[in-house]
Amino acid sequence: MSGFDKVVHSYEEALEGFTDNMTVMVGGFGLCGIPEGLIEQVYKMGCKGLTAISNNAGVDGFGLGKWLEKRQISTMIGSYVGENELFEKLLLSGEMEVILTPQGTLAEKIRAGGAGIPAFFTATGFGTQVAEGKETRNIDGRDYVLEPSLTADFALIKAWKADTMGNLIFNKTAMNFNPMMATAGKITVAEVEEIVEPGELDPNFIHTPGIYVQRVIKGENFEKRIEQRTVRS
């Protein structure tokens with residue numbers, strides 16, 4: 001069973017084969033459930049021309065915001081990008097292409113890609129800029145937009161716990177976009193907080209089966225920064 005052991009012991013090994021001009025999915029919602037160490041490693045590698053698919057682009061100086069500092073992203077496919085001033089500058093200057101996508105549509109485009117569905121019809125975005133240049137169709141009296149699915153060369157995701165065979169469990173809302181991205185990457189790398197032996201995870205509570213995961217690495221020193229801290233005065 002040694003061939004099923006997907007654990008790697010360095011970030012260099014985790015991202016072996018990651019190069020310029022690739023399409024990469026990055027899990028997380030805001031700063032919750034992001035693969036911090038994998039993001040940092042891509043930053044150190046300095047890969048350029050990336051097409052990044054993520055719900056958002058981190059914040060200035062953290063998360064995908066670090067990739068923006070080095071101008072590593074040429075095209076950003078995302079949904080919510082309002083927390084990053086540098087992102088706004090790159091968008092308005094035309095230095096980075098941005099494809100804004102309704103959040104639910106983005107999730108379904110990724111899920112469909114992982115399921116082998118090339119495209120699907122949705123009513124979301126019909127009659128807006130989202131639908132420009134796309135096929136539309138009236139079905140049973142309602143107008144729909146044909147949305148192509150999304151896949152990636154690499155999917156970088158964050159999970160709470162894994163076994164050595166790549167079966168994953170996510171922790172509460174840190175699940176967000178991670179499970180669907182795991183299915184849509186040609187190479188899925190999971191950064192986790194704990195690794196256990198096969199059989200230690202209850203199969204009834206596994207969120208992502210190991211068949212979707214190629215590499216697992218135990219992360220270190222997760223900052224888990226809070227994007228907008230709100231406390232009583």
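Mentor: In β7, the strand of residues 142-148, Phe-121 has Leu-146 as its bridge partner. Strands here are DSSP runs of E, at least two residues long, and helices are runs of H or I of at least four, numbered from the N terminus. The model is predicted, so local features need pLDDT of at least 70 and side-chain atom pairs pLDDT 80 or more, while totals for chains, interfaces and linings use all residues. Residues are numbered from 1 along each chain as its sequence is written, and side-chain values use heavy atoms, with hydrogens and water left out.

Trainee: Which strands does β7 join, and how do they run?

Mentor: Two strands pair if DSSP finds at least two bridges between them. Strand β5 (residues 119-122) runs antiparallel to β7, with 4 bridges. Strand β6 (residues 136-139) is also joined to β7 by 4 bridges and runs antiparallel; Asn-138 is partnered with Asp-143. A hairpin with 2 residues between the strands is formed by β6 and β7, and Asp-140 in its turn has a positive phi of about 55 degrees.

Trainee: Is Glu-36 buried or exposed, and which side chain of opposite charge is nearest?

Mentor: Buried means under 20% relative accessible area, exposed over 50%, and partly exposed in between (1.4 Å probe, protein chains only). A salt bridge places a side-chain nitrogen of Lys or Arg within 4 Å of a carboxyl oxygen of Asp or Glu. Glu-36, in helix α2 (residues 36-45), is buried without a salt bridge, and the nearest side chain of opposite charge, Lys-158, is 7.3 Å away.

Methods
Lys and Arg count as positive and Asp and Glu as negative; His and the chain ends are not counted.
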